[in-house]
Amino acid sequence: MRYAMAIDTKKCVGCGDCVVACQTENNVPHGYCRDWIVENVNGSYPNVEIELRSERCNHCDNSPCVRCCPTGASHIIEGGIVKVTHNECIGCGACIQSCPYDARYSHPDGYVDKCTFCDHRLEKGQSTACVEVCPTNCLYFGDLEDPNSDVSKALKNRKWKVLAPEAGTKPQLYFLT
Amino acid sequence: MKTRRDFIKISTVGAGAAALGLSPITWKGLNTLNAASEQESVSDDEMTPYPTYCEVCFWKCAGWTYVDKKGEIKKIIGNKEDPHCNGRLCPRGTGGVGMYSDKDRLKTPLIRETKNGKSYFRKASWDEALDLVAVNLKKIAAEHGPECVALFNHGSGGKFFGTFLNAFGSPNITAPSFAQCRGPRETAWIATFGEGVGSPEPTDIRDTNCLVLIGSHLGENMHNGQVQEMSEAIDRGATIITVDPRLSTAASKSKYWLPIKPATDLALLMAWIHVAIYEGIYNKEYVEQYTYGFDELKEHVKNMTPEWAYGITTIKPDIIRKTVREMANAAPAVIIHPGRHVTWYGDDTQRLRAVAILNALFGSWGNRGGFYLKESFHLPKPKIPKYPKPTKTWRDAYPGQFKLASLALSSGICDATIPTADRACSFKAWIVSGTNLPLTLPNKANTIEAMSHLDFMVVIDTMPMEVTGFADVILPECTYLERYDLIRTSPHREPYIALRMPAVKPKYDSKPAWWIAKTLAEKMGLGDYFPYDDITDLLDWQLKQVGSSLEEMKRIGVKKFDRESGGLYFQQGEEVEFNTPTGKIELFSNDLAAEGFDPIPVYKPHPEPPEGFYRLIYGRAPMHTFSRTANNHNLWDLKKENSVWINPKVADLWDLKKDQYVWLKNQDGIVSSFPIKVRVTERIRWDSVYMVHGFGHATKKLSRANGHGANDSELITNVMVDPVMGGTGMRGNFITFLKEKPGKEVEA
C-alpha cells in the first residue's frame, strides 16, 4: 500500500477550506497549519496565468525528516505515511530544517507537528478531512498500488508534476497541471 | 532557517507569488493563544452530530455540528443530502465554529447611558432592555406613526423581526442584499422573464456547455453549490468565458478571459446580441415561440457591431465574435450568468437586461444546461391576526421614483432618515438585525449621519460590529450553532427542507432571535403574532403537517420532496405564460417603457479616472463573508487583512513596493481610516485597483479585525443611483495613493 494525493490545480480556487477543515479535524492551534495554499502568478497583463495549489506534507518515500530525527519520533507507518510521535519528539527542529517543503511546524506544546493524511480517519474507512471538504473536489486520495483508487485514476489520464523533484525525496503529492 | 517565503521563491517560475493560508515558521512568534494541551484527533463516532444550516453566508448550506463528550463544538461538516453543499461546506461554513467561540461576542444586553456628556454602555437584563425598546417604539409610533420605524436585516433572525415590525404597523423592512447587491438583476429578470432570479440562482451549471461570467468571480465568492458545479464543468471541458478587468480565479480557469475596460460591459453585451442576431445564430424556435420585441431589438442593435464595441471595451472584434459563437454552439445549454453583486455603475438594471436578453436569444431560460425551473417547498404557516394596514411606506420619500424596485431600498431608507425641508416625516427609529450598516451601505459618513438623526436605535447581533456602537440598546443574539430558526425552504432543483437546531446551549446571556422578537412583541401587546410558546412547537407543528416531524428532522437534517410544479425544464414546444405585460419573454420591455426608461438597453459612457487616480474595484475573498467574518479566528487565520492590487506598471510609477502600506484617497478627498498593504500583481489592469470588501474595521471591540486592512465602503462616496430600481452603483470611485500617514487637514 502506498498512500498518495493528487491535487488538480485546474480546479483549485484557493479558498483555504482544506486548511480550516484540517484545523478543526486535527485540533491544530490557531496560528498554525498542516496544509496551506500557494498561488503562483506568471506572465504579464493580460497574458497572465495563475496556478493554485493546496499543499501539505509530501509523505516522501525517501524522507529526510525521518532520517535526521535523533529520537525516532519521526517515523513511517503503513501506507508510507510520515508521522511524528509527539511524546518522543524533543522539539529539536532538525526535521523542520531538513524538509524541502516546509511541511512541519513547532507546536506550542513543544513538539513538531505535521499532516498525518488523517490516518485516524483512514482507519475508520473515511478519507482525509481536506479531501472530504474540498468544494471543488480537486483533491484525490488513495492507494497508488490500487489502480481503481481515486488518486490512481486521477494520475492516469492527466499530466502531473511533483514539487522540488531535485531534492530526491520522492514526494507523494502529485499536482495535476 | 527556511521559511515559507524561501519556499515560495523555489516554487515560483515568475514574479508575484503569494501564499494564502498559514506560514508555520513566520507565525511562530505571533502565537500566544491556545496552547491546546491535547491535540489528538477525535474520531467522528465519539461525537454527537446535530443538524444545522449555515448562517455565515446566505447560501445556507446544511451540515452537522459535531459536539464531543465534553460538550464542546469540534467541527462542522456538510450534510451529504443537501444540494446546496453536497456534503462539502466552504471555508466559511467549516470555520463557522469561530463565530461561536469568538471571545469578542456580545455577551449581555447593553443600554446606552450618558453621564457628564459622556456616552457609554452599561449591562442590563433582558427584561430591562426589551422594556426600553418597547417604550421607545411605542413613543415613536404615537408621535410619528409606526411607519417611521424601519428594520434593516440580513440572515435568518431577520424573519422574526420582520413579523414583529409588520405587527407593529410598519412595512419598512429592508435588506442591503437588494439595493446594494442583487436588486438590478431581480428587476431586470422580472422585466424580461416575469420573475426574479432568486437565491440560490437556478443556474444549471451542472449540465451547461458554456458558462459566461460577467464580473462574477465564482470561486472567490464561494457560492458553494455553484462553485462545485463550476468545478465539475471544468472537468467536463465546458467552455468558460469570463469578462473581468481583473484576472479573477474564475478568469484563470476560463477558455476565454476578456480583460475588459471597466464600466463598458454593456457595450460588449450589445455587440454579442448584434452578432447573435445578424449572424443568425440565436435560437430561432425559442425566440419565435416565447419572446416579444425581437424586431425592435434587431433594429436597435443594428450598428452595435464588434468593431463599435472594440473602441469602447478594448476587446478585439474577433474575440467578441468567437465568444458569442461559442455560446451559440452550446445553446441552449449556455448560461450568461446574472451575477449577484451587480450594483456597479448606476445603469445596472439595463446591463442585466442585456444579460437577460442574451439568455433569451439562446433559449437558456428553462432549458437544460441553462436555467432550471426552481421549486421551493411550502410549509404551512400558523394563523396569526391580520397585520395593521400602514398608511405610508418608504416609497413616499421617493414620489414617482424606483417603482420597479421589488423590495425596499436600504440606502433609500437610510437617506430618508436625514430630515429635509420638503419631507413630511423622516425615519425615527431603526431596528438593525445582523447587518453592519457602516460597512455595508456605501458612503460610511452618510450612514453615520443618518444614524445621528434617529430618536432610537436597537441592534441585534452576535458581534460588537461598528453598527452596535451607534445603538441605544444592544441585544446579543446567540449564534446559529446555539439556536433553532425557521425551517429552510429555499428553492432548488427539487424542493428541500433543512433544520437548524442548537448543538450547544447559548453562551453568555445571548438569546435566539425568535425569543427576542416574541418577547418584545409580548411586551407590546403583539404576542398573538407569535402563536407558540417555544419555537420547537411551531417547527414540529409545521413539519407534522407535511408528513415529517421535528424528531425526524433532528435525525436527518435535510429532507427532499417531490416536485409539484412539473418538469425541471420546459418541454419541447410547451406553452408557457410569462408574468410580463405581454405574457412573453420581453426583449423589448413594456414595464420599462411605461416608466420612461429605455425599453432596450443603450450603452452610455461612464466617467473615467482623472490623471493619477485609478478605478476602485472591490470583490470577495472565499474565506470571508462581507465584513461579518473578519474577526472569526478560524477565518482570520486564513486572511487577516485585504490588500490593494496594483499593476506593476502603476507600482513603478508610484515607486510602490510589495507589502508596503499605503493610505487610499478618493476623488472626494476621503482617505482610508487605515493603511492597506500593496500587492503588486499582473492580475489587475493599469487603470484600476482591486481590494476585497469587508476589512478595515474601526471598532476596537473586534480585537483581531480592528485596524486590519482598509474599508472600501468609506471610499465609495460617489454613489450612482440606478433610476430604475434605486440600486447604489459603487464602482465609479477613483483612488490615489498616499505613502505617508495623512495629516489632519487631509482627513478634514
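This is a predicted model: local features need pLDDT of at least 70, side-chain atom pairs count only at pLDDT 80 or more; totals for chains, interfaces and linings use all residues.
Let's start with Phe626(B), which is partly exposed, with a relative accessible area of 21%. Phe626(B) sits in the loop that runs between β20 (614-619) and α23 (633-638) of chain B. Its phi is positive, near 45°, and this is a residue other than glycine. For background, most residues other than glycine have a negative phi.

You'll find Asn137(A) in the loop between α5 and β8 (139-143) of chain A, and at 35% relative accessibility it counts as partly exposed.

While we're on the backbone, have a look at two prolines. The peptide bond from Ser199(B) to Pro200(B) is cis, with omega near -10°, and Pro200(B) belongs to the loop between α7 (176-193) and β9 (210-214) of chain B. Ala331(B) and Pro332(B) are also joined by a cis peptide bond, with omega about 5°. Pro332(B) is in the loop between α14 (317-330) and β13 (334-336) of chain B.

Now, how do the two chains meet? In chain A, 70 residues are in contact with 72 residues of chain B. Together the chains bury about 5,800 Å², with 52% of that on carbon and sulfur atoms. Which residues of chain A lose the most area to chain B? They are His30(A), Tyr45(A) and Asp102(A), and together they make up 15% of what that side buries.

Between chain A and chain B, 22 residue pairs are in polar contact. The side of chain A that touches chain B draws two or more residues from several elements, including α1 (17-26), β2 (36-44) and β3 (47-55). Of these, β2(A) gives the most, with nine residues. By class, that side of chain A has 32 nonpolar, 21 polar and 17 charged residues. As for salt bridges, six are found across the interface. Glu39(A) forms a salt bridge with Arg683(B), their closest N and O atoms being 2.6 Å apart.

Let's go inside chain B. The largest nonpolar core has 76 residues, and among those with the most contacts inside it are Trp272(B), Ile273(B) and Leu297(B). Helix α10 (residues 265-278) of chain B gives the most to this core, with eleven residues. Beyond its sequence neighbours, Ile273(B) is in contact with Leu297(B), Val301(B), Ala354(B), Ile357(B), Leu358(B) and Leu361(B). Apart from that core lies another, of 50 residues, among them Leu137(B) and Ile516(B).

Next comes helix α20 (residues 535-545) of chain B, where we find Asp537(B). Is Asp537(B) buried or partly exposed? At 40% relative accessibility, it counts as partly exposed. After α20(B) comes Gly547(B), with a positive phi near 85°.

Last stop, Ser713(B), in helix α25 (residues 712-715) of chain B. Ser713(B) is buried, at 2% relative accessible area. A polar atom of its side chain lies 3.4 Å from the backbone oxygen of Pro438(B). Ser713(B) also touches a run of residues including Leu439(B), Thr440(B) and Lys444(B).

Terms used: Residues are numbered from 1 along each chain as its sequence is written. Chains are lettered from A and ligands numbered from 1 in the order in which they are written. Side-chain values use heavy atoms; hydrogens and water are left out. Contact means heavy atoms within 4.5 Å. Buried area is the accessible area (1.4 Å probe) that two parts lose on being put together, summed over both. A salt bridge is a side-chain nitrogen of Lys or Arg within 4 Å of a carboxyl oxygen of Asp or Glu. A polar contact is a pair of N or O atoms within 3.5 Å; within protein, one must be able to donate a hydrogen and the other to accept it, and residues adjacent in sequence count only if both atoms are side-chain atoms. Helices (H or I, at least four residues) and strands (E, at least two) are DSSP runs, numbered from the N terminus. Ala, Val, Leu, Ile, Met, Phe, Trp, Tyr, Cys and Pro count as nonpolar, Asp, Glu, Lys and Arg as charged, and the others, Gly among them, as polar. Buried means under 20% relative accessible area, exposed over 50%, partly exposed in between (1.4 Å probe, protein chains only). A nonpolar core is a set of buried Ala, Val, Leu, Ile, Met, Phe, Trp, Tyr and Cys residues joined through side-chain atoms within 4.5 Å. Lists of a residue's contacts leave out its neighbours within four places in sequence.
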